[in-house]
Amino acid sequence: MKISVASFVASVITASAWAAPAAAESTFVYVTPNPIGNNAFLALGRDGIMAAAATTGAKVKVFESDGPSAIAENLYAAANEGADIIVAIGFDTVDAVVEVAPTAPDSDFLLIDACPQGDRPANLHCAVFREHEASFLMGAMAAMLTKTNVVGAVGPIDTPFMRRFTGGFAAGAAYAKSDIKVETRWVGGQRPFADPVRAKEQALSLHAAGADVVYAAAAGGSFGVFEAATEQGFKIMTVDSNLCAAAKGAMYDSALKRVDQAIKQSIEAIAAGADAHFASYGLAEKGVGAVALLGDDELAKSGCEIAGHADVVKSIREIASKIVAGEVKVADPLTAQ
C-alpha cells in the first residue's frame, strides 16, 4: 500500500454540509536482523525511519530480531498489522523479505544494504551503498599514517559483502603505498556481528603481528577493537558514523555511511509512488564518505585524530575526488566473482 493521501469528499446536502473523512495514520515498521544495542549501523537505520515518519506524520514500530527465524516472524507480523512501509536492514534479511513481500501486496518493503538478484515485485524496493569506496579511503589513510608499514582490518565474517570493507581497505592501502602489508582477521563464532570480546581478540592479534593501524569493521563487535586500541596504544578507524568519542585519542577517522538519509530519501520516493525503487549511494551521491571529507570547521570539531594531519586530509580529499571523477576505479568485491 502506498502512503495514502486523504481525499476530500463533499456531499452536498446543504450549502454548509461539507464533510471530510479523517486521514488514516500511516505505519512504518523497522525490522533488524539483530538487537540494535551499540550497533551504529542499525541505530542509523532507526534514526532514518524516525526522520521519515516525522516528515510524513506516520507512526513507527521497531521489531528487533534475535536470529534468522525471528526476521521472517517479524516481517509477517508487520505485514499482518497492515504496515504501509516495512524497512528491513542488512543482507541477512534478504531471504525473509523475498518470502514475505509477495504475500503482502498492500505493504511496501524497503531493503537497506542489500537487494535480491533478478526481477523484484513492485512492492519491493532497495537502497544499497558502495562501502568499498569509503573503505578505500580508510586504507589509503592507514598507509599514509602507519609507522610499522603493517595495517589490519577486523570484519565479522568472510563473505563477498563484508570484503567490501576489508578488501576496499586493502586496495586503498596498496594504492597509497605499494609495499604496505595488510592483514585481515574475522570475528566468526555464533554472534559475528555482535561479539566485542572476539573482535577485541582479533584486534590484539593484528597488533601482535605488527599492525599499528586497525580498521574496525565488525559491526557491534567494533567496540571491542576500540577497547583494545585504547589499552595497547595503537590507532584505529571504524565504519558507519563518527564514533571518535568512543575511542578518544585512538581513532583517526570513520568511513561514514548515511543509512539514515538513504532510508529517508527512499521512503519519500516510495510515498511519491515509485515502483520497485532502487538507489545506490557512493561518494558521488554523498551516501558514503569519511570525516576527513567534512568541511574544515566540522572536521576540527569532530574529535577524530585525522583533524591533526592536514597533509593526509588533503591527500584523502584528492583521492575521493578522483574516485568521483572516475579517475580511480575501486573494484567491488561483491561483484568480483
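Reader: With 337 residues, what radius of gyration does the chain have, and what would a compact globule have?
Author: This is a predicted model. For 337 residues, the globule rule gives a radius of gyration near 20 Å. The value for the chain agrees with that, at 22 Å.

Reader: How many helices and strands does the chain have, and what share of its contacts joins residues 24 or more positions apart?
Author: The secondary structure comes to 10 helices and 12 strands. For the contacts, count those with a separation of 6 or more. Residues 24 or more positions apart account for 65%.

Reader: What percentage of the chain is buried, and how much of its accessible surface belongs to carbon and sulfur atoms?
Author: Buried residues make up 52% of the 337. The accessible surface is about 14500 Å². The share of that surface from carbon and sulfur atoms is 52%.

Reader: How far apart are the mean positions of the positive and negative charges?
Author: The chain carries 26 positive and 38 negative charges. Take the mean position of each set. The separation is 6 Å.

Reader: Which strands and helix do the buried residues of H2 pack against?
Author: Helix H2 covers residues 68-80. Its buried residues are Ala-70, Ile-71, Ala-72, Asn-74, Leu-75, Ala-78 and Ala-79. They pack against strands S1 (27-32), S2 (59-64), S3 (85-89) and S4 (108-112), and against helix H3 (94-100).

Reader: How far does H2 reach from its first C-alpha to its last, and which residue with positive phi follows H2?
Author: H2 has 13 residues, for which 18 Å is expected at 1.5 Å a residue. It reaches 19 Å, close to that value. After H2 comes a residue with a positive phi, near 80°. That residue is Gly-82.

Reader: Why is H4 called largely enclosed by the rest of the structure?
Author: H4 runs over residues 131-145 and reaches 21 Å, close to the 21 Å expected. It is largely enclosed because of its count of buried residues. That count is 14 of the 15.

Reader: Is Val-128 buried or exposed, and which residues does it touch?
Author: Val-128 sits in strand S5 (residues 124-129). Its relative accessibility is 13%, and buried means under 20%, so Val-128 counts as buried. Its C-alpha is 7.4 Å from that of Cys-115, 13 residues apart along the chain. Leaving out residues up to four places away in sequence, Val-128 touches Asp-113, Ala-114, Cys-115, Phe-278, Ala-279, Ser-280 and Tyr-281.

Reader: Where is Asp-113, and which residues does it touch?
Author: Asp-113 lies in the loop between S4 and S5. At 5% relative accessibility, Asp-113 counts as buried. Not counting residues up to four places away in sequence, its contacts are Phe-41, Gly-90, Ala-127, Val-128, Phe-129, Glu-131, Phe-161 and Lys-257.

Reader: How far is the C-alpha of Asp-113 from that of Gly-139?
Author: Asp-113 and Gly-139 are 26 residues apart along the chain. Their C-alpha atoms are separated by 21 Å.

Reader: Is Val-197 buried or exposed, and how far is its C-alpha from that of Thr-27?
Author: Val-197 is in helix H6 (residues 196-208). Its relative accessibility is 56%, and exposed means over 50%, so Val-197 counts as exposed. Val-197 and Thr-27 are 170 residues apart along the chain. Their C-alpha atoms are separated by 37 Å.

Reader: How does Gly-167 count by relative accessibility, and how far is its C-alpha from that of Ala-310?
Author: Gly-167 belongs to helix H5 (residues 163-176). At 28% relative accessibility, Gly-167 counts as partly exposed. Ala-310 is 143 residues away along the chain. The C-alpha separation is 26 Å.

Reader: Where is Ala-219, and what is its phi?
Author: Ala-219 lies in the loop between strand S8 (213-216) and helix H7 (222-232). Its phi is positive, though the residue is other than glycine. The value is near 55°.

Reader: What is the phi of Ala-276, and how does this residue count by relative accessibility?
Author: Ala-276 is in the loop between helix H8 (259-271) and strand S11 (278-281). Its phi is positive, about 45°, although it is not a glycine. At 26% relative accessibility, Ala-276 counts as partly exposed.

Definitions and conventions. Residues are numbered from 1 along each chain as its sequence is written. This is a predicted model: local features need pLDDT of at least 70, side-chain atom pairs count only at pLDDT 80 or more; totals for chains, interfaces and linings use all residues. Side-chain values use heavy atoms; hydrogens and water are left out. Helices (H or I, at least four residues) and strands (E, at least two) are DSSP runs, numbered from the N terminus. The radius of gyration is taken over C-alpha atoms; the globule rule is 2.2 Å times the number of residues to the power 0.38. Buried means under 20% relative accessible area, exposed over 50%, partly exposed in between (1.4 Å probe, protein chains only). Contact means heavy atoms within 4.5 Å. Accessible areas come from the Shrake-Rupley method with a 1.4 Å probe; for residues, only the protein chains shown count as cover. Lys and Arg count as positive and Asp and Glu as negative; His and the chain ends are not counted. The place of a charge is taken as NZ of Lys, CZ of Arg, CG of Asp or CD of Glu. The expected span of a helix is 1.5 Å times one less than its number of residues.
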